[in-house]
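Let's take a quick tour of a set of protein chains, from the inside out. Here is what we're looking at.

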Amino acid sequence: MAVEVAIVDYGAGNLRSVRQALIHLGVHVTVQGDPDRLRGFSHLVLPGVGSFRRAMELIRSRGLDQLLAERVAQGVPLLGICLGMQLLAARSSEDGETQGLGLIAGEVDRFAFDPVATGLKIPHVGFDAVTPVAGSRLFSGFAQQVDFYFTHSFRLRCGAIEPVAATAWHGESYVAAVEQGVLAGTQFHPEKSQANGLKLLANFLERF
Amino acid sequence: MTLQPTWCRHCLNMSTRPRISFDARGWCNACQWMEQKADMDWAPRQQELRTLLDRYRSSHGGFDCLVPVSGGKDGSYVAYQLKHVFGMNPLAITVRPALSLELGDRNLSHFVASGYNHIHVSPDAEVMRRFNRYGFIEKGFPYYGWLTAILTSIIRTALNFDIPLIFYGEDGEVEYGGSTETRNRALFDIEYMKKIYLEGGYEKVLAMLADVDPASLYFWRFPEPAELEGKELYLTHWSYFEPWDSYRNYLVAKEHCGLQEKEEGNSGTFTNFAQNDQALYALHAYLMYLKFGFGRATQDAGIEIRRGAMTRDQAVHLVRLYDGHYPEEFIATYLDYYAMSQEEFDAVLDRWANQDLFEKIDGRWTPRFEVV
Amino acid sequence: MAKKRLVFTLLYQQGAFYLSRNFRLQRVGDLHWLNNNYRFASIATAIDELVILDVSRQPRDLDVFCAMAAEVSANCFMPLALGGGITTMAQAETLISNGADKLILNTALARNPELVRELVAIYGSQCIVASVDYRREADSFAVYVDQGQERLDCPLARYLADLEALQVGELYLNCIDRDGTGQGYCLEVLQQLPPACHLPVIMAGGAGNQHHLLAGLACSQIDAAATANLFNFVGDGLPRSRDHLLDHGIAMARW
């Protein structure tokens, strides 16, 4: 099947840049928020900006939570970006306790290190180094440390090794990317990470 | 034969510039002077200035120094220093150029209003026009009449008001890469002015204007030696006594003298805060370009590089982009002023274009060289 | 630790881009000029972030601004921050939906902190950059709003502490005295930051060349060096600057 990407539009976030990046890679892209019309796509991308709680409210109210679980179960690759990756997890404490989509075993909480003691800042904003896990499909062809663009105050931690595709460190170790079966996610913004980001998106399209 | 010009390795001054010289590193004399300025002890010169000023400072309310100004940054800065820092009583003087620009007029008003006594000399406009026209055709100096008047009429005024000190701004030769003759000399005289600033053409011009009523030439005559006898008259450059920094002048003039900039960059350069007083300056800069291969952007780039604001690599792009702009926006004005047709005007430009540096392509003189 | 950033700022007004000198504007050129002399598609990889500010002194047209921003950033895959005269939620929404990853707020911080709180609540701290314009005075610093025209009574140090409390994401500190002068950043202002300030600091005002950018990024308190000097970096100025920073050991992102 030809590559047909849908960016899931649930009313939160800047879809434009993701769309531009995918178009730049030469694939056909649709922005779609209606669960009934999210069929027939080869890949799905779940973006996200803003609060976890608000995002889950919007997703649930549109029935997208069920829709995404179905598609994933059917084997459609799904890439969550930034908040989009966090939404794949079990829960987050951002803006009050909220259940996530539960597709990945992991929990999202605010960075817990002491900014005063470490001299590091929250939100974590800027390009930072990511260490891919050996054998990761998302990071195929990358070096041992790669720079991507981050902008977040909350981060994912996974209990198990299995979903972790890359780690990073900002005052503490945290999960920078996940991959598990058809699921993938990046805490960083590939569409904002220059050539590195474009290459990772290409990996998602080709290897998932 | 095509000339192979070279460029200063530090700024972008071109080897074609009259009276330029380079050291073993390929740095021009303006850049060498820049280094000297930073290293030398200015205290003796500062003392020289104070001594000079103390000697002539007026105790009876008369003017003790004369400062040529145009309303632009440099004269304004010098006047400001003399009045507010050194407690002198300067008389500012402007020689009205032909084709003055509205921004320039406004800047001059603001300068005067910021608190200076000022004399505005308006030499006979028709003589000015003939003189300028002659200079344009015969010397490639489109405002030759004005260039002469800013020397002669100022000396005249100084004599008439019994003002012994005349402070010009910067010594262009020393600051920008010309003769280093006056680098260590405070004062200069009329003979030097004729030789360097008027390129030795003064007497010939006066001869050309022999049919003009002498009364109309009052402001263009240097005093005879006899007139100067027994009079104290010191002509000096402010840049001798203090490290010259034209950007600093701009900031001071902006803050204290009401200087305003143009809303766009000036023709042939990327700056907007200098030489805003007369339309003929753009033509002067263009002729300089045709004669020597460098224009306003090169000059401005040199200033930026020497004051540490820009690197040579950065400046090269700007010079390639802006230097040598044909002053399209003023052509109609020039033709009307000089009473020339486009063809006659172009013929003058053709006469001055250095064909070793330029070739004519589609009616425009185009450089054979690339700034490197 | 996040890499240090090189930020390029474009000053836009009514269809053209400007150079600012002590907050006085000189028109440089339109989009055509920008494309010819900057070729963003190829030099975008030299910078970490692009900022575009609408510095119009006249009524602004947000739609035209957004269209321009979209065109400029067309093949740039890096963070984009947009701002200039944001006074309403609707304007913020329009900018975000037109590609802004971050919003730059200035006068609103002083005149409409409630709007700032709302924006932080909806878009998150990381989306809000607090732009602060200041001037040096005898022995302290004064804050100015309204494009540098209105001086606030609140001294800079206290203002910055208040901004931390507002939960903005970053600080964009711009020195009016140094703006456009090419004399380098006013590094003394760093002493005005609240102790243990956790906000990333983007330094602006006075950077004319790679040496100034290096001096800025060499300071531990500075996270990003910004320049809006549209003349000085034409052609390959930005790539050269990035190389200079890397050659001198500044941890910059690589791709």
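The largest nonpolar core has 172 residues, and the ones with the most contacts inside it are C:Tyr38 and C:Ile52. A nonpolar core here is a set of buried Ala, Val, Leu, Ile, Met, Phe, Trp, Tyr and Cys residues joined through side-chain atoms within 4.5 Å. Buried means under 20% relative accessible area, exposed means over 50%, and partly exposed is in between (1.4 Å probe, protein chains only). Keep in mind that this is a predicted model: local features need pLDDT of at least 70, side-chain atom pairs count only at pLDDT 80 or more, and totals for chains, interfaces and linings use all residues. As for bookkeeping, residues are numbered from 1 along each chain as its sequence is written, chains are lettered from A and ligands numbered from 1 in the order in which they are written, and side-chain values use heavy atoms, with hydrogens and water left out.

- Not counting residues up to four places away in sequence, C:Tyr38 touches several residues, including C:Phe8, C:Trp33, C:Ile43 and C:Phe231; contact means heavy atoms within 4.5 Å.

**How the chains meet**
- There are 2 pairs of chains in contact, and chains A and C share the most contacts.
- Chains A and B don't touch, and their nearest C-alpha atoms are 25 Å apart.

**Chain A**
- You'll find 6 helices and 13 strands in chain A.
- Its radius of gyration is 16 Å, close to the 17 Å that the globule rule gives for 208 residues, so chain A is as compact as a globular protein of that length; this radius is taken over C-alpha atoms, and the rule is 2.2 Å times the number of residues to the power 0.38.
- The C-alpha trace of chain A spans about 50 × 40 × 30 Å along its principal axes.
- Buried residues make up 61% of the 208 in chain A.
- Among contacts in chain A between residues at least 6 apart in sequence, 69% join residues at least 24 apart.

**Chain B**
- Chain B has 17 helices and 8 strands.
- With 372 residues, a compact globule would have a radius of gyration near 21 Å, and the 20 Å of chain B agrees.
- Its C-alpha atoms fill a box of roughly 65 × 55 × 40 Å, taken along the principal axes.
- In chain B, 58% of the 372 residues are buried.

- Most residues other than glycine have a negative phi, and most peptide bonds are trans.
- A:Ile122 and A:Pro123 are joined by a cis peptide bond, with omega at about 5°; A:Pro123 sits in the loop between helix H5 (115-118) and strand S8 (124-132) of chain A.
- B:Gln275 isn't a glycine, yet it has a positive phi of about 50°; it lies in the loop between helix H12 (246-256) and H13 of chain B.
- B:Gln275 counts as partly exposed, at 39% relative accessibility.
- C:Gln167 also has a positive phi, near 65°, and is found in the loop between helix H7 (156-165) and strand S10 (170-175) of chain C.

Definitions and conventions: Helix = DSSP H or I, 4+ residues; strand = E, 2+ residues; numbered from the N terminus.
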